[in-house]
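This briefing concerns charged pairs and nonpolar surface in a structural model. Please look over the sequence and the coordinates before reading on.

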Amino acid sequence: MKEKRGIILTGAVVGIISIMLVKFGNPVNMGYCIACFLRDIAGGLGLHRAGVVQYIRPEIIGLVLGAFIMSFASKEYKARGGSSPFLRFVLGFIVMIGALMFLGCPLRMILRMAGGDLNALIGLVGFAAGIGIGILFLNRGFSLKRTYNQSSFEGFVFPAVMVGLLVLLLAKPAFILFSQEGPGSKFAPWALALAAGLIVGAMAQKTRLCMVGGIRDLILFKDTYLISGFVSIFVFALIGNLLVTKTFNLGMADQPIAHMDALWNFLGMALAGWGCVLLGGCPLRQLILAGEGNIDSVITVLGMIAGAAFAHNFSLASSAKGPTPNGQVAVIIGFIILLAISFFSSEKAAVKMKGDVKLEA
Amino acid sequence: MKLNIIDARGRSCPEPVLMTKKAVEGNPQGIQVIVDNTTARDNITRFGKNSGFNVEVASKEEDFVLTLKK
């Protein structure tokens, strides 16, 4: 229990700040949503033209910079990369297609459940199923191969890009787009949102908080460390929804920024869960790793942003009305690609052993 | 006593833990694992302790050498 204190506290902070962000302007059940926020950033930069989801979300900037600062302070910052970068880009892209079918990343799935949205419960079942499929391939020796050290400078570039985004958000040049209506027009004051990102970014870096890791480690190793963070987010967001925002609404109908198509909620999150297991972490974790110098995660985030732009340019993303036919086709193609990647990236003999080496005691 | 060594450097989680898990199945008396990141170090330490091993961690330049023994 003692070693879980940090991650339970981090989960509590994520839950409480999520409620605060909603209270101060974010869309309901969207204190944090890495998929939605990256999608909004893609929109703000004009990479897609869906007018309702365009805003440079300071939470994302804060998460990356918070992780960067914390990792630097604790000497865990290390620039590395080269572990199947393009496969990671494709996986990030597919995870985003799945998340936008469901309407939320794994973190928002928890926040939606904490708001009483039972569609998210179906999403969770799909998410766990997707993780289960991914684990089958992990056990078969799936690997994106090793990383290599990179120059420290390379790791600084992504945090610097985040600072650049912050400048664009505050300077508001004409080419940056801001939603006038819809979810993109609902946001907490920038300084609050930035602080919310910085705090959680630093804490998540320290504790390795990860939504997909929680279920994965529970199944694979019967390890309950990461899942404690997951449960803690749920509990504290639930309390907040009941007592502070009073937005708790149990049921499937009339849920904020959600649809009721059970099959596609299931499949969307199954796709995201499978993709995230192959990547080794949920979208939040990818942002944190990107902040601590992991170039592979930077590439994954870029894949997610590209996926979000495609999703809105080609009508793949769901809306409150439900999934689109294009989105359904995209999710099915996503499953086929994941199967191919899972199959062809397996090492038959992942464990190479050198016998008879003296123990240095 | 000689222990087999697993080189999990460059691998990102959960791979180092999976490699360790597979390795201790064939070497129930113990194993040494070399990793190069703190996440892998912490995850293998947790896995080792949960599986009933004593875990010793030593830093070696940029790497960590973990010794899991019964």
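A salt bridge is taken here as a side-chain nitrogen of Lys or Arg lying within 4 Å of a carboxyl oxygen of Asp or Glu. The model is predicted, and a search of the whole structure under that criterion finds twelve salt bridges over all chains.

**Salt bridge between Arg57(A) and Asp40(A)**

- Arg57(A) and Asp40(A) are joined by a salt bridge in which the closest N and O atoms are 2.8 Å apart.
- This pair links distant parts of the chain, since Arg57(A) is in the loop between α2 (34–44) and α3 (58–73) of chain A, while Asp40(A) belongs to helix α2 of chain A, the two being 17 residues apart.
- Arg57(A) has a relative accessible area of 0% and is therefore buried, given that the term applies under 20%.
- Asp40(A), likewise with a relative accessible area of 0%, is buried.

**Other salt bridges and a network**

- In chain A, the side chains of Arg216(A) and Asp217(A) meet in a salt bridge with an N to O distance of 2.9 Å.
- Arg216(A) counts as buried because its relative accessible area is 4%, and Asp217(A) counts as buried because its relative accessibility is 3%.
- In chain B, Arg11(B) forms a salt bridge with Glu15(B), where the closest N and O atoms are 2.9 Å apart, and both Arg11(B) and Glu15(B) are buried.
- Glu76(A), Arg208(A), Arg41(B) and Asp42(B) are joined into one network by salt bridges that share partners.

**Nonpolar patch on the surface**

- A nonpolar patch on the surface is formed by Ile16(A), Met20(A), Phe24(A), Val231(A), Val235(A), Phe236(A), Ile239(A), Leu242(A), Leu243(A) and Val244(A), which together have about 840 Å² of accessible area.
- The elements that give two or more residues to this nonpolar patch are α1 (5–23) and α10 (225–243) of chain A, and α10(A) gives the most, with six residues.
- One of the patch residues is Leu243(A), whose place is in helix α10 of chain A.
- Leu243(A) counts as exposed because its relative accessibility is 58%, and the term exposed is used for values over 50%.

Technical notes:
Residues are numbered from 1 along each chain as its sequence is written. Chains are lettered from A and ligands numbered from 1 in the order in which they are written. This is a predicted model: local features need pLDDT of at least 70, side-chain atom pairs count only at pLDDT 80 or more; totals for chains, interfaces and linings use all residues. Side-chain values use heavy atoms; hydrogens and water are left out. Patches are made of residues with over 30% relative accessible area and no salt bridge: like charges are joined within 9 Å, nonpolar side chains (Val, Leu, Ile, Met, Phe, Trp, Tyr) within 5 Å. Accessible areas come from the Shrake-Rupley method with a 1.4 Å probe; for residues, only the protein chains shown count as cover. Helices (H or I, at least four residues) and strands (E, at least two) are DSSP runs, numbered from the N terminus. Buried means under 20% relative accessible area, exposed over 50%, partly exposed in between (1.4 Å probe, protein chains only).
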